[in-house]
Amino acid sequence: MKAIYIDYLNALDIDALAMTDGEIIGAVEAGLVAQGKGQTVIEPRVHLEPDPSFHGHFNVLRGYVAPLDTAGVKIVGDYVDNYLHGLPSEFGILNLFDPRTGMPRAILDATVITDMRTGAVTAIGAKHLARKNSKVLAHIGARGTAYWNVRLLDHLFDFDEIRVHSRRPESRDGFAAKLSADLGKKVTAVADWKSCVEGADIVIEASRLPEPQPLLKTEWIKPGALVVPYGTMSAVELSLTDIIQKTVVDDWGQCKGGKFGSLRAHVETGRLSEKTLHAELGQIAAGLKPGRQSDDETILFWHRGLSLSDIALGKAMLAKAGEKGIGQRLRFA
């Protein structure tokens, strides 16, 4: 057998790539378009919960993107108490394979990839579903993905006002300060959910609740707003879907199953079903279904996270790494 090598990008390599906002969004949207055109295979994510007392679980995401000629599996741990140990809440590994032979092609640190691609899906959702003149962003939560949500959304909308809230003051204050410095504009940390959400054009709910708790009140949502809840545990009221004209998800097969996700109760009670669903985001990105059609529409976008986004962004990173001579080649066999 001939020698087999795999490409390896660690966290330092990925940082050195200095992926631009446009490169991140472009790569992830290409994956969504492929999904919308039926050129992908997505297996719903599965979870491994080693022990409830550990306050965390592993997500395993699997997929194939035909236009990229790549299959991939990502494993990411999500542990809510990691901040107590000075660690990020999520660690991830992305494995890319030749879909025809199963031969491994690459291993990438997927911690930042997870954050970037999540932010990109949020931003792409807003590109198609938010009002074009959206100027006020409300963001609940300061987890790892939160930074890229705000950064990539601001790249598209150039907000006049950005408000952020997180349960711990040191977390929200630090989050606001970093964003202010990186975006070159004021980002305001607010002390409560209501002050953050009321009057916002785009509302992102990325909280990290230990159990479902309806902290995001339906009455605070501005008519015509885009609401994007993607926390693991639901923070929204059941009544939220009553004010929504269009509901969009990233992948219905994934959203309708499993015990985690912001709208789990809405699915289980029949408030959200395949009949009431407007579209998957990939169908809209591919031009097969309409996105926002009126400034009056109040729209809900729920995303669980797609393996396709990890694969598409990972492939783009490998291409750039090859151009810049970044990363390592490891002997596999």
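1. Basis. The model is predicted, so local features need pLDDT of at least 70 and side-chain atom pairs count only at pLDDT 80 or more, while totals for chains, interfaces and linings use all residues. Residues are numbered from 1 along each chain as its sequence is written, and side-chain values use heavy atoms, with hydrogens and water left out.

2. Main core. The largest nonpolar core has 62 residues; such a core is a set of buried Ala, Val, Leu, Ile, Met, Phe, Trp, Tyr and Cys residues joined through side-chain atoms within 4.5 Å. Buried means under 20% relative accessible area, exposed over 50%, and partly exposed in between (1.4 Å probe, protein chains only). Leu 108, Ile 202, Leu 226, Leu 313 and Met 317 touch the most other members. Helix H3 (residues 111-129) supplies the largest share, eight residues. Helices (H or I, at least four residues) and strands (E, at least two) are DSSP runs, numbered from the N terminus.

3. Met 317 and the second core. Contact means heavy atoms within 4.5 Å. Not counting residues up to four places away in sequence, Met 317 touches Leu 9, Ile 14, Leu 17, Met 19, Leu 108, Ile 113 and Met 116. A second, separate core of 29 residues includes Ile 221, Ile 244, Leu 272 and Trp 302.

4. Helix H3. Of the 19 residues in H3, 17 are buried. From first C-alpha to last, H3 reaches 27 Å, close to the 27 Å expected at 1.5 Å a residue (1.5 Å times one less than the number of residues).

5. H4 against H5. The axes of H4 (residues 144-157) and H5 (residues 169-183) come within 11 Å and cross at roughly 35°. Axes are lines fitted to C-alpha atoms, for helices over the stretch in contact, and angles run from 0 to 180 degrees between N-to-C directions. On the H4 side, Ala 146, Tyr 147, Val 150, Arg 151 and Asp 154 meet Phe 175, Lys 178, Leu 179, Asp 182 and Leu 183 of H5.

6. Leu 96. This residue is in strand E5 and is buried, with a relative accessible area of 1%. Its C-alpha lies 8.6 Å from that of Lys 74, 22 residues apart along the chain. Beyond four places in sequence, the contacts of Leu 96 include Thr 70, Pro 104, Leu 108, Ile 311 and Leu 318.

7. Ser 89. The loop between strand E4 (70-79) and strand E5 (90-97) holds Ser 89. Ser 89 is buried, at 16% relative accessible area.
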